[in-house]
Number of protein chains: 2
Amino acid sequence: MKVRIEQGLVIMLICTSCWGQADNARPAPTNVPGAEFPKLHSDRSATFRVQADNAQKVQLLMELGQSTYDMVKGTDGFWEVTTKPVLPGFHYYLVSTDGFVSADPGSRTFFAARKEVSGIEVPAPESEFFAAKDVPHGSVRTEWYFSKATGEWRRIFVYTPPGYDQSSERYPVLYLQHGWGEDEAAWSHQGKENFILDNLIAAQKAKPMIIVNENGMTGVNFQPPPPPRPGSAPSSPPPRSIPDSFKEERYTLFDSVISTDLIPFMDGHFRTIPDREHRALAGLSMGGAQAFRIGLNHLNQFAYLGAFSPALSITDAAKDYNGALADSAKVNQQLRLLWMGVGSDDFLLGPVRGSHEILEKAGIKHMWVESSGAHVWTVWRKYLADFAPGLFQ
Amino acid sequence: MKVRIEQGLVIMLICTSCWGQADNARPAPTNVPGAEFPKLHSDRSATFRVQADNAQKVQLLMELGQSTYDMVKGTDGFWEVTTKPVLPGFHYYLVSTDGFVSADPGSRTFFAARKEVSGIEVPAPESEFFAAKDVPHGSVRTEWYFSKATGEWRRIFVYTPPGYDQSSERYPVLYLQHGWGEDEAAWSHQGKENFILDNLIAAQKAKPMIIVNENGMTGVNFQPPPPPRPGSAPSSPPPRSIPDSFKEERYTLFDSVISTDLIPFMDGHFRTIPDREHRALAGLSMGGAQAFRIGLNHLNQFAYLGAFSPALSITDAAKDYNGALADSAKVNQQLRLLWMGVGSDDFLLGPVRGSHEILEKAGIKHMWVESSGAHVWTVWRKYLADFAPGLFQ
């Protein structure tokens, strides 16, 4: 590429147009092996490229449609777009081809919004805490157990810490839940729970613990939201309150799964310390609301609760959760840790901050984190790394 | 629906058009939760339906393009097609929308052909052997270990049989490999290795064993085949011989991964019986060629070999595999089981049958299975159920 440099402005324009040749652009780590695109540039912009020979309109739907880019057709049947710089971390995305909304064949898929969607990991120095480092690694097991509450064999994911198989030690357990439309694979696949704990344990910042993930969509008969439609996202503002469908009273069946079936299975099949002082329950978004609902309903089973960007809205500390929070002295004595966090760009900021303020006024001790970030996995990975060191101390 | 029946032909036509209302059509078990389509009918035909409001042409690519169906647009922006009856078992598929070839948002994805593709499971009475039944279940673990051969932390899948955690018993190990373009998740995800073994062990037809799956695409610098293009598949006949890229001499690096790194890791971290009499190596397609190559190269490590529809072509029993098969008496004494099978509709039938005949002429004892079926997971699940009972007896 020959470039005649005449003035500063020209240099800038030329450099903008030659991204990918000059800036050590690399395939995203979430790409399928061998796929060149999506490609990350040194300024964290990303170039997406898909083949669609006969399409009229192809769009990139970042964050499942929260921001939309029109892709441009080349002469070779490939459509391409380079985004603005993307925040470090993990982003869901989809491609819309003449109205067909699907995953990008260049990317691995992740289960979200009740379907398989693409995801792009944008690494940065702050990604180190969930990287697969040269430290002892735990396992992530897929297990099947029978739930009487649902009458079915159910699949769970279980993280066992490094050395579990070589020792006869018993371990505390964190029950950790995903958000709406995801499943029991999300915390290891999108969330990197295993590498986060491997790294914390290696640095002696967290106690070795077992983590278990169930499928929190159980009994949650929500209608899926309409699929993202190109162009519609920017014109429909995100909700500022908790939709009715997220209200915690819908979680009765899943409460039984956790409290009646899963806990006895875990205590019967893993070397757990089977008491409330060594059991935590946490979750993100819908899973955070479930953690509050189920945890406060079973304070005899859990001494630690965590709610990451939870889809909850406490309105009356004396009456909500069947009055479980009414006696603050008793709750403060029972809960060794109550953790709540939300990002400043999260559409749930209002109700979560409101819930925090009500807890504070009611004298319910809790750890409150108002971080940067939106309603995304980038934030929830950080919250796990912040929450886990406070457990079982 | 009002129907005026006048003659047999009319009845048939009406019934054809009302599939889905009259025949107890059900969502395929491989659908994402809540997705109505693809839908299976009682005659095993399947209706596929995707939304693509502005598309000009939408096609269903069954078996990744080996058979193509044009989908028909309804007035609601959805495209639909009902296939001919589909063989029971598991089928990969994709959707092409104006030339954009991607997964169906209604289906779970599976890793094949180096990308995430859709899959449809068509149940039948003969599916019972890999069903999640009411028997004790083993675990499928995701483990990370460091390979000196590749200088990286690698992910493996490990099946441990029911009762592994509750006993102090030691177990034999089957090293079991996927095909080209798939990965270490394939044997549990597509292959149902865990349920197949759970059921065999419960019926006392197979010895309890550990199974481990590695990523056999290591060092296999094959170019991916061109993506299926609508209409092109029928005109390009499948290859009748083994492509050069599948030739076994390309597997040197993966040989080191298995023989130098993985075996010591497994023996060091699981309760294995760490000798050749309790170690088997098998694989499908490219993985079957790898099993022959690596197994015959390390007869000190393996006493059982299995090749399911293997991508291999033995031409000279005295010279191939560096002469490992030259002394038939010695090989017959060393190998407790050499298993080879291929389906009558498999494009590799010719070279695999030819290899079998050469082995037979050379006096190399082996179990030979020529079954029905093509180059598909439906066949490989059956082969595992046939092969595993012969191990470690």
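This is a predicted model: local features need pLDDT of at least 70, side-chain atom pairs count only at pLDDT 80 or more; totals for chains, interfaces and linings use all residues.
A:Arg108 lies in the loop between β9 (100-102) and β10 (109-112) of chain A, and B:Asp183 in the loop between β14 (173-177) and α2 (186-189) of chain B, so the pair joins two chains.

The two partners can be described by their accessibility. B:Asp183, with a relative accessible area of 5%, is buried.

## A network around Arg141

Salt bridges also link A:Arg141, A:Glu143, A:Asp165, B:Arg141, B:Glu143 and B:Asp165 in a network. One of its pairs lies within chain A: the side chains of A:Glu143 and A:Arg141 meet in a salt bridge, with an N to O distance of 3.6 Å. A:Glu143 counts as buried at 6% relative accessibility, and A:Arg141 is buried at 0%.

B:Arg141 is buried, with a relative accessible area of 0%. A:Asp165, by contrast, is partly exposed, its relative accessible area being 28%. As a general point, side chains of opposite charge can pair when their charged atoms come close.

Over all chains, the count comes to 36 salt bridges. Between chain A and chain B, the count is 6.

## The interface of chain A and chain B

The two chains bury about 3900 Å² between them, and 50% of this area is on carbon and sulfur atoms. Of the area that chain A buries against chain B, 17% is supplied by A:Phe100, A:Trp144 and A:Trp153, more than by any other three residues. In terms of contacts, 47 residues of chain A are in contact with 46 residues of chain B. Across the interface there are 20 residue pairs in polar contact, both residues being at pLDDT 80 or more.

Several elements of chain A each supply at least two residues of the side that touches chain B: the strands β3 (46-51), β8 (89-97), β9, β10, β11 (115-122) and β12 (139-147), together with the helices α3 (193-202) and α5 (252-269). Strand β12(A) gives the most to this side of chain A, with 6 residues. By residue class, the side of chain A that touches chain B divides into 18 nonpolar, 16 polar and 13 charged residues.

## Confidence of the model

The model scores ipTM 0.89 and pTM 0.90. For chain A, the mean pLDDT is 89, and 87% of the residues reach 70 or more.

One covers residues 1-21, for which the model has 15 contacts beyond four places in sequence. The other covers residues 224-239, with 21 contacts beyond four places in sequence.

Definitions and conventions:
Residues are numbered from 1 along each chain as its sequence is written. Chains are lettered from A and ligands numbered from 1 in the order in which they are written. Side-chain values use heavy atoms; hydrogens and water are left out. pLDDT is the predictor's confidence in each residue, from 0 to 100. Contact means heavy atoms within 4.5 Å. A salt bridge is a side-chain nitrogen of Lys or Arg within 4 Å of a carboxyl oxygen of Asp or Glu. Helices (H or I, at least four residues) and strands (E, at least two) are DSSP runs, numbered from the N terminus. Buried means under 20% relative accessible area, exposed over 50%, partly exposed in between (1.4 Å probe, protein chains only). Buried area is the accessible area (1.4 Å probe) that two parts lose on being put together, summed over both. A polar contact is a pair of N or O atoms within 3.5 Å; within protein, one must be able to donate a hydrogen and the other to accept it, and residues adjacent in sequence count only if both atoms are side-chain atoms. Ala, Val, Leu, Ile, Met, Phe, Trp, Tyr, Cys and Pro count as nonpolar, Asp, Glu, Lys and Arg as charged, and the others, Gly among them, as polar.
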